[in-house]
Amino acid sequence: MAIYRFRISFEDFDDIVREIDIKTTQTFEDLHRAIHRSTGYNADKSSSFYVSTDNWIKGEEIAILPNQRKIDNGVKLMENSKLSSFIDDPHQKFYYIYNFERPYDFHVELIKIILENDPNIEYPFLVKSIGEAPKIIDKTNVGSFAASSTSSGDFDFLNEMDFVPEDAEELEAMGGRGINAEEVDEEEEESEDENDEFSSGDDYEDDYGHSDKDDY
């Protein structure tokens, strides 16, 4: 039985690469789950492969856990779709979107067809893994990310970790006044210093316009 070897890379992180061998008779769901065994992501998320052109233009969709609109439109399901049924080119490409709620886009390219499978290997099989997949923040782990980033003094982790506004309440609850509390304190201290400078001076006028240091 022949084997497909796919090269999978993040669209926005092309230095993170996985290569996976999979039987031609296996399904897109098998490939989907193999990808996320290699990234550490939860595979039970609404996601889709799209038959793609060489320029990564999306065509026919093959989905897992699709929404009702896609079901009504007759979208093909990963669990029922064999890989071989959608491959006409020895360098076939698929555009792949993982987790439509917090999406990551991938390029999936067939790079090799192996004519015989290895009986000692269980497929799908991870052949190569380069780079660590970016972390995903959700409600189950936002606290640990915030704690580790705060302790290291790095407050820019929100941008690096795909922070979304819905996480704000949880972060604010953990930090009391929020992660910018130190900046607010500094502003308050500067304001107090300015007030002290004027209030402690001897040259001020009373309500009648007289100076404390009359010339007469």
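**Note on the predicted model: sheet, core, cavity and local backbone**

1. Eight strands make up an open sheet of mixed pairing, in the order 5-4-3-6-7-1-2-8. Strand 5 (76-77) and strand 8 are the edge strands, each with a single partner, so one side of each has no neighbour in the sheet. Strands here are DSSP runs of E of at least two residues, helices are runs of H or I of at least four residues, and both are numbered from the N terminus. Two strands are taken to pair if DSSP finds at least two bridges between them. Strands of a sheet pair through backbone hydrogen bonds, either parallel or antiparallel.

2. Residues are numbered from 1 along each chain as its sequence is written, and side-chain values use heavy atoms, with hydrogens and water left out.

3. Strand 3 (residues 47-52) has five of its six residues buried, so it is largely enclosed by the rest of the structure. Buried means under 20% relative accessible area, exposed over 50%, and partly exposed in between, with a 1.4 Å probe and protein chains only. Strand 3 pairs with strand 4 in the antiparallel sense over five bridges, and Ser47 has Ile64 of strand 4 as its bridge partner. Strand 3 also pairs with strand 6 in the antiparallel sense, again over five bridges; there Tyr50 stands opposite Tyr95. The hairpin of strand 3 and strand 4 has five residues between the strands, and in this hairpin Trp56 takes a positive phi near 65 degrees.

4. Strand 1 and strand 7 (residues 104-114) form an antiparallel pair over eight bridges. In this pair, Ile3 stands opposite Ile114 of strand 7.

5. The largest nonpolar core holds 28 residues, of which Phe6, Phe28, Leu31, Phe49, Phe94, Tyr96 and Val108 touch the most other members. At least two residues of this core come from each of strand 1, strand 2, helix 1, strand 4 (58-64), strand 6 (93-98) and strand 7. Such a core is a set of buried Ala, Val, Leu, Ile, Met, Phe, Trp, Tyr and Cys residues joined through side-chain atoms within 4.5 Å. In soluble globular proteins, nonpolar side chains tend to be buried together.

6. Leaving aside residues up to four places away in sequence, Tyr96 is in contact (heavy atoms within 4.5 Å) with His32, Ile35, His36, Ser47, Ser48, Phe49, Met78, Tyr104, Asp105, Phe106 and Val108.

7. One cavity of 30 Å³ or more is present, and the largest cavity has a volume of about 40 Å³. A cavity is a set of points, on a 1 Å grid over the protein atoms alone, where a 1.4 Å probe fits but cannot get out; lining residues have an atom within 4 Å of a point. Grid points are joined across faces, edges and corners, and the volume is the space filled by probe spheres set on the points. The lining of the largest cavity consists of Ile8, Ser9, Phe10, Ile16, Val17, Arg18, Ile35, Thr39 and Phe106. Strand 1 (3-10), strand 2 (17-23) and helix 1 (28-39) each supply at least two of the lining residues, and strand 1 gives the most, with three. By class, six lining residues are nonpolar, two polar and one charged. For this count, Ala, Val, Leu, Ile, Met, Phe, Trp, Tyr, Cys and Pro are nonpolar, Asp, Glu, Lys and Arg are charged, and the others, Gly among them, are polar.

8. Lys128 touches Val17, Arg18 and Glu19, residues up to four places away in sequence not being counted. The C-alpha atoms of Lys128 and Glu19 are separated by 4.9 Å, although the two residues are 109 apart along the chain.

9. Most residues other than glycine have a negative phi, and most peptide bonds are trans. Leu65, in the loop between strand 4 and helix 2 (68-72), has a positive phi near 50 degrees and is partly exposed at 48%. Asn99, in the loop between strand 6 and strand 7, has a positive phi of about 60 degrees, but is buried at 5% relative accessibility. The peptide bond from Tyr123 to Pro124 is cis, with omega near 0 degrees; Pro124 belongs to the loop between strand 7 and strand 8.

Terms used:
This is a predicted model: local features need pLDDT of at least 70, side-chain atom pairs count only at pLDDT 80 or more; totals for chains, interfaces and linings use all residues. On a 1 Å grid over the protein atoms alone, a cavity is a set of points where a 1.4 Å probe fits but cannot get out, and a pocket is an open set with protein on both sides within 12 Å along at least five of seven lines; lining residues have an atom within 4 Å of a point.
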